[in-house]
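This note is meant for a colleague who meets the structure for the first time. Please read the numbered points with the model open alongside.

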Amino acid sequence: MGLDRRKFLKIGANLSIALPLMPNIIHAKGIEASKINSGLVKNGSVITAAHWGILKLSIKDGKIVKSEPWEKVTNMDNPLQHYTADMVYKSRIKYPYVRKSYLENPDNPKTELRGKDEFVRVSYDEAIKLIAKELKKTREQKGTQAIFGGSYGWKSSGNMQNARILLHRFLNVTGGFVGVSGDYSTGASQVIMPYVVGSIEVYEQQTSWDNILKHSKYVVIWGADPISTLRIAWTTSDQRGLAYFEKLKKSKIKVICIDPIRTDTCKFLNAKWIAPKPNTDVALMMGMASHLIAKQKVDYNFLETYTTGFEQFKSYLEGKEDGIKKDVKWASQICGIEEKTIRELAENFYDNPTMIMSGWAMQRAQHGEQPHWMLVTLCSMLGQIGTKGGGFGLSYHYSNGGVPTCKGGVIGGITALSVGIWKNGKFKGLAQSNNASEGAEWLQNAASYSFPLARISDALLHPGKTIDHNGEKITYPNIDFIYWVGGNPLVHHQDTNTLLKAWRKPRTIVVNEIYWTPSAKMADIVMPATSSYERDDITMSGDYANMHIVPMKQAVLPEGESKDDYEIFADICKVYGENVFNAYTQNGLKAKDFIKEYYENALNQTKSFGEVFATPMPSFEEFWAKNEPITFQAPNENVEYIRFADFIEDPILNTLGTDSGLIEIYSQSIAKYNYDDCKAHPTWFEPIEWLGNASKEAPFHLLTNHPANRLHSQMCHTSLREKYAVKGREPILINKKDASKLGIKNGDIVRVFNKRGEVLAGAVVSDDILEGVVRLCEGGWYDPDEKGLCKYGSANVLTLDMPTSKLANGNIAHTGLVNIEKYKGDLPLVTAFKSPKGAL
């Protein structure tokens with residue numbers, strides 16, 4: 001079961017989950033969609049939403065001509081908000097296509113030609129029938145374990161047109177599928193943190209910003225760049241996180257940024273910059289911990305009351321396990337930070353209310369389970385967890401964590417509830433059943449099988465292989481049919497060249513996609529999907545704040561023959577028969593019917609608040625016709641919220657979700673797993689590739705940060721790229737001294753390479769990065785020449801595809817070494833954003 005972040009962020013979102021898939025009960029009277037559909041605006045404006053905020057679109061003659069924020073919240077411009085027209089009109093897939101060899105013979109599709117073969121345009125009906133036929137064939141011949149429902153990604157902001165959930169819903173009603181667990185963003189932390197603090201933590205609400213601004217003396221931003229990453233949110237950004245950083249800048253709070261890069265956030269806040277070597281954060285924290293013990297600046301009362309296992313960890317620090325004392329000198333030699341600085345950091349954090357805001361980058365590394373576990377251990381020693389102005393937070397850089405939660409209606413969304421029959425422990429879909437009501441069980445997000453997301457290549461290449469994962473054994477299925485929507489795995493996954501080999505193994509790959517992404521070009525059947533601006537939907541702003549309910553009215557007509565994912569899957573269901581179609585659509589409901597239901601469920605929630613509720617919601621018809629967001633306010637108790645305060649007040653009544661009910665510095669459960677790469681307490685492990693073992697062949701540590709001007713690979717195809725690209729390539733940040741030694745100047749094109757692959761990138765020479773480190777942001781579209789050189793600069797061509805450890809099996813995108821040289825050949829043409837052969 002893939003991680004759905006909204007499941008953790010929207011407590012009320014499941015209020016309607018018990019309803020949607022009971023077709024004989026729900027919507028007995030139906031909804032007259034015509035009453036709430038006022039038609040497209042040919043000339044005027046439309047309010048909608050994207051991950052980067054609530055937008056006002058200007059329409060002229062049925063075309064988007066301008067895009068701007070609906071409201072001005074900060075003095076910082078968000079460039080992502082101005083390129084909506086490009087998101088509709090550039091690099092579009094307008095018609096259904098089938099790869100030539102696949103169309104000629106699906107049973108012998110010459111999978112080695114994926115990405116090389118030309119495409120053939122087919123009719124929509126022909127494509128629908130072909131998908132249904134080949135899916136049925138695969139299921140009948142090889143079973144449910146052969147069907148992979150991919151689709152990890154940020155999809156669109158809407159709650160109804162959630163491509164990933166719609167795909168899983170479709171695959172469930174036709175017989176089940178193989179899914180994934182975890183995500184790329186927080187693959188290690190979301191597994192380790194439940195052992196440590198009893199919750200996933202990375203997607204939890206944070207101590208409120210108002211509390212920090214009032215009580216903190218120090219704010220430490222460790223391995224994060226919120227000024228860049230808060231331009232986006234999982235649903236749609238409420239933008240208040242950036243506004244709070246503006247307040248932080250004006251405050252008297254001392255800000256420290258610990259990062260190998262002097263980030264935009266560091267510069268914006270005029271913060272003190274401390275630059276450790278990449279992947280050495282654990283060692284730095286251990287040096288601080290050892291110094292606190294030596295100086296007797298440890299809150300032992302906190303440790304005794306609220307934690308378990310500190311003595312075992314202390315023995316490890318003292319070298320009683322391995323003979324190595326993890327003192328300040330040891331830490332300094334590993335991380336490259338002066339001993340004096342390590343001591344000062346430790347003492348300042350102990351002596352002052354300090355909020356440590358950690359990013360997720362440090363856990364996207366080999367042994368990524370360790371940094372946040374060690375951070376919690378350090379903060380426990382400081383004794384500030386659950387206090388005013390102190391503690392730690394793992395989500396201040398993401399989706400506006402720390403913005404107080406508002407009180408209002410919460411919009412639900414489409415579900416992947418399984419509609420089928422379970423017999424003898426096995427799933428039997430409605431497509432295989434003559435009796436739709438016989439013993440049916442209704443299960444949310446019920447993938448029949450799953451494996452860790454970051455192991456996709458390994459699973460495709462090695463069916464039948466058994467791996468350790470989080471205390472269990474998982475055996476990879478033999479996947480022969482991939483259906484992927486709402487994502488771009490050929491760019492997002494590590495070690496692209498290995499993934500390409502894996503991607504050519506299954507017989508069939510189907511993609512619903514808006515744009516000719518690298519992943520779409522590597523498919524067999526491509527269905528043209530609408531963008532979120534060509535269909536109706538509804539969402540909320542603020543993944544933590546729940547601040548607005550936002551209408552996402554269709555702004556323009558769909559390009560070409562593109563259709564909503566919901567409609568595409570409904571039409572495939574028709575091929576399976578009326579029984580399956582009715583199960584998927586709840587007896588023929590349209591998208592607008594679901595949207596109205598979600599809104600009215602939220603409306604009913606607000607009615608339960610009584611007369612004191614200050615923000616009444618109009619009827620759905622009024623809301624939709626007015627086309628304006630509804631804004632909710634935060635109650636005082638949420639403005640004053642302190643993470644873990646209830647636990648600190650009474651650790652017996654408010655126990656954590658760990659085995660002991662306390663913060664676990666030592667985990668008995670993990671100890672029982674006996675993993676060699678994840679011990680029972682925070683541990684320093686030397687990474688497989690880092691500056692400590694750099695060589696002449698690969699002397700530079702590569703960081704693959706989230707880009708400031710994209711959402712992963714989204715918007716890479718837009719003209720916003722012209723603002724940051726260097727001679728049409730992805731920019732790579734290089735230290736001035738390193739560049740000088742290599743004879744590289746600002747604006748030069750360089751070849752970045754290692755044993756995994758090679759890319760071209762444009763040099764940005766600066767003092768804003770640690771010597772020996774380079775940064776090539778992830779998300780650039782993969783664009784290979786005939787020899788495999790990526791002409792545009794996709795970072796994952798260079799990254800390692802290894803698990804963090806046997807515990808979490810997360811990705812290690814920030815662990816890896818590369819070499820760089822000035823490129824002296826003729827610059828090849830970038831073709832990443834053009835249609836493939838045979839496509840219009």
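Predicted model: local features only at pLDDT ≥ 70, side-chain atom pairs only at ≥ 80, totals over all residues.

How many bridges join β1 to strand β2 (residues 53-60), and in which sense do the two run?

1. Strands β1 and β2 are joined by 7 bridges and run antiparallel. Helices (H or I, at least four residues) and strands (E, at least two) are DSSP runs, numbered from the N terminus, and two strands count as paired if DSSP finds at least two bridges between them. Within this pairing, V46 stands opposite L57 in β2.

2. Residues are numbered from 1 along each chain as its sequence is written, and side-chain values use heavy atoms, with hydrogens and water left out.

3. The antiparallel sheet. β1 and β2 belong to an open sheet of 3 strands in the order β1-β2-β3, with antiparallel pairing. The edges are held by β1 and β3 (63-69); each has a single partner strand, so one side of each lacks a neighbour in the sheet. From one strand to the next the twist averages 30 degrees; axes are lines fitted to C-alpha atoms (for helices over the stretch in contact), and angles run from 0 to 180 degrees between N-to-C directions.

4. Pairings inside the parallel sheet. Strand β8 (residues 218-222) pairs with strand β12 (residues 354-358) in the parallel sense over 5 bridges, and the bridge partner of Y218 in β12 is T354. β8 is also joined to β9 by 5 bridges, again running parallel; here W222 has I258 of β9 as its bridge partner. β9 in turn runs parallel to β10, with 3 bridges between them, and C257 is partnered by W273 in β10. Strand β9 (residues 254-258) is mostly covered, with 4 of its 5 residues buried, where buried means under 20% relative accessible area, exposed over 50%, and partly exposed in between (1.4 Å probe, protein chains only).

5. Aromatic pairs. The structure holds 37 of them; rings of Phe, Tyr and Trp (its six-membered ring) pair if their centres lie within 6.5 Å, and planes under 30 degrees apart count as stacked, over 60 as edge-to-face and the rest as tilted. Why is the pair of W154 and Y398 edge-to-face? The ring centres of W154 and Y398 are 6.3 Å apart and the planes stand at 75 degrees, so the pair falls in that class. The two residues come from distant parts of the chain, 244 residues apart: W154 is in the loop between β6 (147-149) and α5 (163-173), and Y398 in the loop between β13 and β14 (418-423). W154 is buried, at a relative accessible area of 6%, and Y398 is buried at 5%. Elsewhere, ring pairs link F170, Y483, Y566, F569, Y584, F594 and Y598 into a cluster.

6. Cavities. A search of the whole structure finds 6 cavities of 30 Å³ or more. On a 1 Å grid over the protein atoms alone, a cavity is a set of points where a 1.4 Å probe fits but cannot get out, and a pocket is an open set with protein on both sides within 12 Å along at least five of seven lines; lining residues have an atom within 4 Å of a point. Grid points are joined across faces, edges and corners, and a volume is the space filled by probe spheres set on the points. The largest cavity has a volume of about 470 Å³. Its lining counts 35 residues, with K155, E513, I514, Y515 and Q714 nearest the centre.

7. A contact across the chain. L662, in the loop between α26 (645-649) and β26 (663-664), is buried at a relative accessible area of 18%. The C-alpha atoms of L662 and V197 are separated by 7.1 Å, although the residues are 465 apart along the chain.
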